[in-house]
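The stops below are given in the order in which to select them.

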Amino acid sequence: MREGALLGLDVGGGSVRALALDVASGRTALAARSHRHPVAPDTGGFGVDLDLDGLWRLLGLLVREAVAALGTSPDAVRGIAVSSTRFATVLLDDAGVPLLATPNRDARAGLEAVRLAMDHGPA
């Protein structure tokens, strides 16, 4: 691989991180911020939303910080790896616009699951 930088991005349940790696020297720079997913309105605290626009802005900020701390430029980035907190659901309409975005902590369907179990009994 030619010289440059690699990025690792992680969106976790409590923080968001960007790690920049200088390929030639092996030096790294990390930028991180704590982050909490907002409780969804009218869900009694059981629903949790993903703030997609806020996460995108935060990732952009952290990438810029990590790349700058490494002493390189965005043009030097040669690859990006991404990880995240287990499962999430993002439902899109026909135009690709998000209709619903929830992390794995969302439990707003819990009551429906209990009702189905009560109505239909054990399998």
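Start with the open sheet of 4 strands, whose order is S3-S2-S1-S4 and whose pairing is mixed. Strands and helices here are DSSP runs numbered from the N terminus, with helices (H or I) of at least four residues and strands (E) of at least two; two strands pair if DSSP finds at least two bridges between them. S3 and S4 are the edge strands: each has a single partner strand, so one side of each is left without a neighbour in the sheet. Neighbouring strands of this sheet are turned against each other by 10° on average, with direction ignored.

The model is a predicted one, in which local features need pLDDT of at least 70 and side-chain atom pairs count only at pLDDT 80 or more, while totals for chains, interfaces and linings use all residues. Residues are numbered from 1 along each chain as its sequence is written, and side-chain values use heavy atoms, with hydrogens and water left out.

Next, select residues 15-22, strand S2, together with S3; the two pair in the antiparallel sense over 7 bridges.

Is serine 15 buried or exposed? Serine 15 is buried, with a relative accessible area of 18%; buried means under 20%, exposed over 50% and partly exposed in between, using a 1.4 Å probe and protein chains only. Leaving aside neighbours within four places in sequence, serine 15 is in contact (heavy atoms within 4.5 Å) with Asp10, Arg33, Ser34 and His35.

Beyond its neighbours within four places in sequence, histidine 37 is in contact with Gly12, Gly13, Val48, Asp49, Leu50, Leu55 and Pro103.

Aspartate 42 is in the loop between strand S3 (28-34) and H1. With 84% relative accessibility, aspartate 42 counts as exposed. Its phi is positive, near 60°, in a residue other than glycine. Most residues other than glycine have a negative phi.

Now select S5 and strand S6 (residues 98-103), which pair in the antiparallel sense over 5 bridges. They form a hairpin with 5 residues between them, and glycine 96 in the turn has a positive phi of about 85°. Leucine 91 has leucine 100 in S6 as its bridge partner, and threonine 89 stands opposite threonine 102 in S6.

Keep threonine 89, in strand S5, selected. Threonine 89 is partly exposed, with a relative accessible area of 37%. Apart from neighbours within four places in sequence, its contacts are Leu100, Ala101 and Thr102. A distance to draw is the one between the C-alpha atoms of threonine 89 and asparagine 104, 7.7 Å for residues 15 apart along the chain.

The last stops are the pockets. A pocket is an open set of points on a 1 Å grid over the protein atoms alone where a 1.4 Å probe fits, with protein on both sides within 12 Å along at least five of seven lines; lining residues have an atom within 4 Å of a point.

Which residues line the largest pocket? Select Leu7, Leu9, Val11, Trp56, Leu59, Gly60, Val63, Ile80 and Val82. Strand S1 (5-11), helix H1 (52-70) and strand S4 (77-84) each give two or more residues to this lining, and H1 has the largest share, 4 residues.

For the second largest pocket, select Val11, His37, Leu50, Leu52, Leu55, Leu59, Ser84, Thr85, Ala88, Val90 and Pro103. The elements that give two or more residues to this lining are H1 and strand S5 (88-92), and H1 gives the most, with 3 residues.

Terms used. Axes fitted to C-alpha atoms, helices over the stretch in contact; angles between N-to-C directions.
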